[in-house]
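This briefing sets out selected features of the structure shown below.

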Amino acid sequence: MILTPESVAKIKEKMGKYPHHKSAILPAITIAYWQVGHLNEEIYKEISKIINIPIVEIAEAATFYTMFPKEPVGKYLIQVCHNISCALLGADSLIEYLENKLGIKKGETTSDNLFTLISVECLGSCASAPMMQINDKYYENLTREKVDKILEDMKKQA
Amino acid sequence: MADGGNNITLTIDGREITVPKGTTVLEAAKKMGIEIPTFCWHPKLKPVGACRICYVEIEKMPKLQVSCATECMPGMVVHTDTEKVKQGRKAILEFILINHPLDCPTCDKGGECDLQDNTFAHGIDDSRFDFNKYRFIKDRKSTFDDVRLGPEIIRNQNRCILCYKCVRANKEIFGEYDLGVFQRGNLTEIDAAPGQQVDSLYSGNLPEICPVGALTNTDWRYKVRVWKAQQVKSICGYCADGCNLTLWKRRDKIFRSSSRRNDEIDEGWICDIGRYGYQIANAENRLTTPLIKKGNKQVTSTWDEAIGLIARKFKEIKDKKGGVCIGGMISPTLDLASLYAFSKYFRTVLHSNNVDFRNDYKMLAEKYGDTFGKMASLEFKIADIEKSDLILVIGSNLIKEHPIVNLRVRKTVTKFGASLYTLNPFATKSGDISTDEIIFNAGTLEALINGICVSLISQKLNASDVDVSNFGSMANPNTVSSASKITGISEERINALAMALGKAKNITLIVGEYIKASPLRELLSIALNNLTIIAGINKKGQIGFLYKSANSKGAEKLGVIPYPSPNLIGKMKEIWKYYPDSNGLAADRMIRAAKKEEMDAMFVIGANPIWAYPDGQFAKDGIEKLDFLVVADLFESETTEKADVVLPLSSWAEYAGDFINLEGRLQHFSAAIKPQNGSLPAFDIIGRITVEMDKPIFESVEQLNNEIKLLLAVLPEKAAQSLKLGEVKYSEEKISPDFSIPLFVTDDLHHYGHHTKEAKSLAAFGSEPYAEISPAMAEKLQLENTEMLRIESEVGKIILPVRISEILDNNVVVISRNFATTPVNILQMRKKRIDRVKLSKVED
């Protein structure tokens with residue numbers, strides 16, 4: 001089992017909240033994601049057994065939502081918005097800056113397993129573009145200096 | 001306008017129409033003969049409005065609406081042919097074609113493709129999207145970006161227009177979860193579920209309903225252009241459901257079969273056995289010439305020589321010892337004319353009543369008028385299952401025995417909310433939709449049924465017009481608690497089922513092979529008869545003792561059994577001016593007689609008793625003792641090996657004829673191709689033998705058909721009114737502790753009888769023998785998948801690779817008989833109500 005007894009208990013608790021187990025698919029996927037940091041077939045299989053829904057339905061939902069990484073990622077998943085508002089305010093050069101600073105390409109993870117860099121569609125924070133999301137937190141009105149500081153802080157914390 | 005709330009009147013293209021509430025605009029338009037293009041719509045699926053090609057304009061609605069998902073409303077005014085609609089459809093097509101490869105010249109769907117047709121009718125020949133098309137490539141070795149999803153299914157995602165029909169049908173209709181829609185946006189793809197392949201029994205329907213060439217069958221790919229193939233109306237020749245097929249042929253070869261929708265039976269779905277089973281007609285290893293045993297070897301011969309020998313030998317035996325020393329077994333997958341000619345030949349030429357079509361059942365009835373026969377003659381209609389609010393399936397692995405009845409049951413449960421109760425000695429696929437899946441201890445079904453009857457009575461839910469005061473003395477066990485102890489089913493569950501039966505308004509009772517194959521067939525039939533009466537099923541619903549093979553019901557109706565009904569005998573006498581007065585022997589009695597050397601010769605057509613009879617050693621011993629054995633079949637078999645004369649037989653695709661399905665529905669099938677490889681249809685073989693014996697029994701097939709008509713017109717006795725409660729006393733079976741695990745021999749999910757392993761596509765689903773056990777049993781025996789399992793009964797032993805079942809969850813072993821190198825029936829004993837074995841791991 002990949003999922004811990006705590007995760008299983010949380011999923012079971014969510015199941016009780018819906019008239020049909022199928023509705024618990026997304027909460028279950030999310031709980032698994034919070035525990036593991038990514039999703040894969042083995043996890044779909046475990047969820048399928050817990051909530052008694054065919055594995056295909058779990059995989060369909062999980063692959064539909066690109067926000068769930070399907071491969072292991074670093075401790076900090078950096079998701080830079082590349083849609084129009086952010087792009088106009090320099091998202092592309094920001095991504096390039098991050099790539100150079102971290103020494104990885106978009107989609108890769110640093111060798112110390114600390115950072116994974118990806119670019120994503122609009123995160124709904126156009127007023128504060130350019131922006132990025134690291135794990136579940138937004139970092140807005142970004143400049144190179146700000147990015148430097150954020151990464152420094154994270155490295156210190158890690 | 002609204003009329004009593006149930007009918008709705010609306011206007012489409014200037015004409016008024018009144019439709020029932022709930023009808024969609026698309027359906028209403030179809031009724032009026034107005035054509036609206038569709039991709040994702042399917043008459044048997046819930047609408048989703050995914051493709052949007054079915055746009056119509058509805059007054060007072062600001063935007064175009066999808067007609068497939070818009071319900072008719074009173075006073076609606078719909079236009080299907082305005083400029084706005086045309087523009088809308090054009091835009092949708094332009095959109096769908098953004099990434100479609102337009103590889104029609106190399107696409108199998110060409111000529112029957114909805115996208116081709118709709119683009120032809122509504123599209124434009126230019127696109128504003130002039131960038132490179134997105135291309136899915138998984139396997140760069142493949143030219144056309146094909147990905148294999150299952151043994152017979154190839155996917156080309158580039159062609160897919162995301163109508164989701166395949167995934168929806170798979171889940172909604174078939175209850176299969178091996179196919180899904182993954183990712184999103186232009187990366188969306190149809191794919192097999194993680195770690196699985198698309199190999200359900202219904203997988204062949206998915207390419208058939210695909211509106212484009214995204215899913216194709218390997219069977220048909222790149223063989224024939226659809227417009228160059230001729231379509232022949234046929235009927236499936238395997239199980240008794242009687243699905244309507246179209247066979248597609250070109251130059252005397254069949255290339256595919258597809259569904260010819262009949263809403264009374266199949267609703268446009270066929271199982272893979274029906275879809276690929278035609279391949280036996282074109283199989284390479286068909287018998288090609290008659291063989292005659294000379295010394296210890298079978299040598300090739302000619303039809304004239306073989307027929308001459310058969311005629312001479314049968315005449316000799318009949319003259320010397322009488323026709324009672326000749327036995328006949330015929331396969332119920334043959335047409336009516338052949339079955340009838342067989343019976344007429346035996347009865348009027350050989351003067352023998354030894355004819356039977358049931359060569360795979362233990363201990364058959366010895367005279368006419370048993371309860372089993374009565375129950376089996378009751379009226380049953382597949383479409384009427386839908387009227388039921390409770391379906392009770394007893395002793396049937398429904399998906400294996402009757403794939404299409406299974407779909408109707410699924411529909412009634414999942415779409416109309418009926419409850420399903422299944423009573424089986426092991427878990428089956430139907431369990432996923434059962435209200436209660438009752439798995440009783442093997443061999444205790446009569447006790448369980450008694451328990452349900454008693455419970456109905458004690459809850460005062462029994463049919464009011466039946467006197468049940470004596471039932472307690474007629475039944476053993478006669479309390480719910482003792483029934484519970486014997487069967488291993490808790491009292492609560494028995495009572496709950498009885499309660500459901502009592503409260504149900506319309507019940508369909510389906511009875512399967514577990515009862516028919518059992519030597520306690522009659523006792524079980526009486527028990528079911530009691531249940532029918534006490535629960536009043538005969539008055540509120542229908543009872544289906546479902547016949548097994550394509551023409552089993554026909555064989556029964558024509559009296560191809562040793563003891564036909566008196567009415568039928570009367571009619572035969574009238575037509576033939578003769579009827580033998582000897583007692584006839586049923587299939588198993590014939591084998592016993594042969595074993596005792598009381599039978600000299602046997603004529604077997606299309607059947608393989610040495611392989612099929614549920615006591616292999618007994619069948620082999622008996623048949624080996626015959627002086628003269630004639631076997632006609634498509635392929636070499638365990639039984640042809642022992643034959644003195646082997647005759648090449650034609651498959652049902654090679655001649656025209658009729659089948660009677662399990663409902664009693666007479667259906668005609670046409671010949672798709674000529675008899676292959678020098679084979680002959682059975683009626684022709686029989687005709688030639690009778691001519692050679694100077695006693696021709698028919699001059700033409702028309703004559704046979706006319707006589708058949710007369711026999712079919714004979715009404716069966718009115719069984720329903722004469723049902724009476726009978727005595728059912730359960731007796732405990734003595735179980736040796738060494739051999740305690742129940743053995744069930746069945747057909748593999750993708751196979752039927754001894755022919756289908758020669759169909760390439762079906763062999764692709766499985767062609768290796770295996771024994772299925774539950775995960776718990778596997779753990780106990782420390783066995784992993786494909787490791788070797790030794791299965792021993794009191795009379796035989798075989799070793800097979802194990803398959804750990806996803807469905808089985810009790811201590812039984814289920815073996816598919818279809819491809820065993822050693823026939824599985826050597827483990828079986830004819831007198832045992834349940835065959836029992838011991839299992840052990842084979843250490844290397």
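**Domains of chain B**

In this predicted model, the centres of domain 3 of chain B and domain 4 of chain B, taken over C-alpha atoms, are separated by 36 Å. Eight residues of domain 3 of chain B are in contact with 11 residues of domain 4 of chain B.

- The domain assignment of chain B places domain 1 at 7-96 and domain 2 at 136-280.

- Strand β34 of chain B comprises residues 813-816 and is covered on both faces.
- Strand β30 of chain B (residues 741-746) pairs with β34(B) in the parallel sense, over four bridges.
- Within this pairing, B:Leu743 has B:Val813 of β34(B) as its bridge partner.
- Strand β31 of chain B (residues 771-773) runs antiparallel to β34(B), and two bridges join these strands.
- B:Ile815 in β34(B) stands opposite B:Ala771.

**Aromatic pairs**

- Over all chains, a search of the whole structure finds 29 aromatic pairs.
- One of these is the edge-to-face pair of B:Phe314 and B:Phe628, with 5.7 Å centre to centre and 85° between the planes.
- This pair links distant parts of the chain, 314 residues apart: B:Phe314 belongs to helix α7 of chain B (residues 303-321), and B:Phe628 to strand β25 of chain B (residues 628-633).
- B:Phe314 counts as buried because its relative accessibility is 0%, and B:Phe628 is likewise buried, with a relative accessible area of 2%.
- The ring centres of B:Tyr514 and B:Phe744 lie 6.3 Å apart with the planes at 40°, so this pair is tilted.
- B:Tyr514 is in helix α16 of chain B (residues 513-516) and B:Phe744 is in strand β30 of chain B, so the pair ties together parts that are 230 residues apart in sequence.
- B:Tyr514 is buried, with a relative accessible area of 15%, and B:Phe744 counts as buried at 10% relative accessibility.
- A cluster linked by ring pairs contains B:Phe314, B:Phe342, B:Tyr345, B:Phe346, B:Phe603 and B:Phe628.

**Charges over rings**

- B:Arg358 has its charged end over the ring of B:Phe357, at 5.9 Å from the ring centre.
- B:Arg803 lies over the face of B:Tyr770, and here the distance from the ring centre is 3.5 Å.

**Chain A overview**

- Chain A has seven helices and four strands, which follow the pattern α-α-α-α-β-α-α-β-β-β-α when read along the sequence.
- The C-alpha trace of chain A spans about 50 × 30 × 20 Å along its principal axes.
- Of the 158 residues in chain A, 46% are buried.
- Among the contacts in chain A with a separation of 6 or more, 60% are accounted for by residues 24 or more positions apart.
- Chain A exposes about 8500 Å², of which carbon and sulfur atoms supply 53%.

Conventions:
Residues numbered from 1 in each chain as written. Chains lettered and ligands numbered in written order. Predicted model: local features only at pLDDT ≥ 70, side-chain atom pairs only at ≥ 80, totals over all residues. Heavy atoms only, no water. Buried < 20%, exposed > 50% of the residue type's maximum accessible area, 1.4 Å probe, protein only. Pairing = 2+ DSSP bridges. Phe/Tyr/Trp six-rings, centres within 6.5 Å; stacked < 30°, edge-to-face > 60°. Lys NZ or Arg CZ within 6 Å of the ring centre and 35° of its normal. Contact = heavy atoms within 4.5 Å. Areas by Shrake-Rupley, 256 points an atom, 1.4 Å probe, with all protein chains shown as cover. Domains from an automatic or database assignment.
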